[in-house]
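Please look over the model shown here. A short report on selected features goes with it.

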Amino acid sequence: MRQSFIISLTIMMVSTTGWANLNGYSKPYEQLRYHLEHTGKGLYSSKGLNSLNKSIKQVDAEMVSQAFIARNAIIAAGVAAFHDGVLAMGPASETMEKIRTQPSDIINVPGALAALEAITRRNLAETDFSANLAEYVGAKIAKKPSNFPNHAAIAPMPRKRNVSAPAEMGGEKPFYRRGSNDSPSAMERMLALGAMHILTNGNIPEEDIRRWTKQDDINLCIGIAVRNLDQCEAASRGLTEKAFCTQRHTLTELNRCFRWLGRTN
């Protein structure tokens, strides 16, 4: 009995070492969105601007870029049709290996297109709010009548799309760019990681998480936006100039680092 317990414990240690929960990796992006989306009507004030910009300047660009991929993978995993499609692929260990070697084929899994739609809808809702918030600050700078924006509703479908693989559902085409098995696109990596999340109940090998969440272009984009904000603030004088820095870099430039999912502009 004692020997059996020791063997079981050893197997458990081997099987869990080097694994991580994907939900934890999504936190930096969720925190960034929290700061942006819980900005109150007092944003156009020195205190409001300083508070928001201070939070933004403390973000870790690499962690946020990885978290963006992880968060969208979690959204994909929550789509029932994709969840069922992944589980129907076969035994978990074999499916995990298939995903690692053929990530671009993930789009052929039943429910994958529905998962892409879910990711894009959330992206549109979030980035629409940031864009509207930038317009609000711009109107305040120009001393024009303006209402603080409400958070956008989840759009039924993307309004603008960059499409290379059409969806087979009512003629609608969610955003999707095809990569290759050697170099999968961001959307393919989101789906691949989402599938792994389903197969492992969220506890994924860390090497897989690091591999699929790596996103150098978003990392660079965030870093540039934050540096531009810091430089702009350092040279600003008075509320209007500070507001301009917030509008240009915190709300508009940073938003573009994520806005490409739902539209091409």
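Predicted model: local features only at pLDDT ≥ 70, side-chain atom pairs only at ≥ 80, totals over all residues.

Residues are numbered from 1 along each chain as its sequence is written, and side-chain values use heavy atoms, with hydrogens and water left out.

**Helices 11 and 12**

Two packed helices are described by the angle between their axes and the distance between the axes. Helix 11 spans residues 216-235 and helix 12 spans residues 238-259. Helices here are DSSP runs (H or I, at least four residues), numbered from the N terminus. The two pack at an angle of about 180 degrees, and their axes lie 9 Å apart. That makes helix 11 roughly antiparallel to helix 12. The term applies to angles over 145 degrees. Axes are lines fitted to C-alpha atoms over the stretch in contact, and angles run from 0 to 180 degrees between N-to-C directions.

Contact means heavy atoms within 4.5 Å. On the helix 11 side, the contacting residues include Ile218, Cys221, Ile222 and Leu229. Helix 12 contributes Phe244, Cys245, Leu254 and Cys257, among others. By class, the contact has 13 nonpolar, three polar and three charged residues. Ala, Val, Leu, Ile, Met, Phe, Trp, Tyr, Cys and Pro count as nonpolar, Asp, Glu, Lys and Arg as charged, and the others, Gly among them, as polar.

**Disulfides**

A disulfide is a covalent bond between the sulfur atoms of two cysteines. Here it is assigned to a pair of cysteine sulfur atoms within 2.5 Å. The count by this rule is two.

| Pair | S-S distance | S-S torsion |
|---|---|---|
| Cys221 and Cys257 | 2.1 Å | about -85 degrees |
| Cys232 and Cys245 | 2.1 Å | about -80 degrees |

The disulfide of Cys221 and Cys257 is left-handed. It links distant parts of the chain, with Cys221 in helix 11 and Cys257 in helix 12, 36 residues apart. The disulfide of Cys232 and Cys245 is left-handed. Cys232 lies in helix 11 and Cys245 in helix 12, so this pair ties together parts 13 residues apart in sequence. In sequence order of the bonded cysteines, the pairing is 1-4, 2-3.

Buried means under 20% relative accessible area, exposed over 50%, and partly exposed in between (1.4 Å probe, protein chains only). Cys221 is partly exposed at 23%. Cys257 is buried at 2%. Cys232 and Cys245 are buried.

Which residues of helix 6 are buried? They are Phe82, Gly85 and Val86. They cover an arc of only 95 degrees around the axis, which puts them on the same side of helix 6. The arc is that of the directions from the helix axis to the C-beta atoms. Ala80 and Asp84 are exposed on the other side of helix 6. The cover over the buried residues includes helix 5 (61-77), helix 7, helix 8 (112-141) and helix 9 (186-200).

Ala88 sits in the loop between helix 6 (80-87) and helix 7 (92-101). Ala88 is exposed, at 63% relative accessibility. Its C-alpha atom is 9.1 Å from that of Pro110, 22 residues away along the chain.

**Ser130**

Ser130 belongs to helix 8. Is Ser130 buried or exposed? At 2% relative accessibility, Ser130 counts as buried. Leaving aside residues up to four places away in sequence, Ser130 touches Arg33, Leu36, Leu251 and Asn255.

Definitions and conventions. Parallel < 35°, antiparallel > 145°, perpendicular 65-115°, else oblique.
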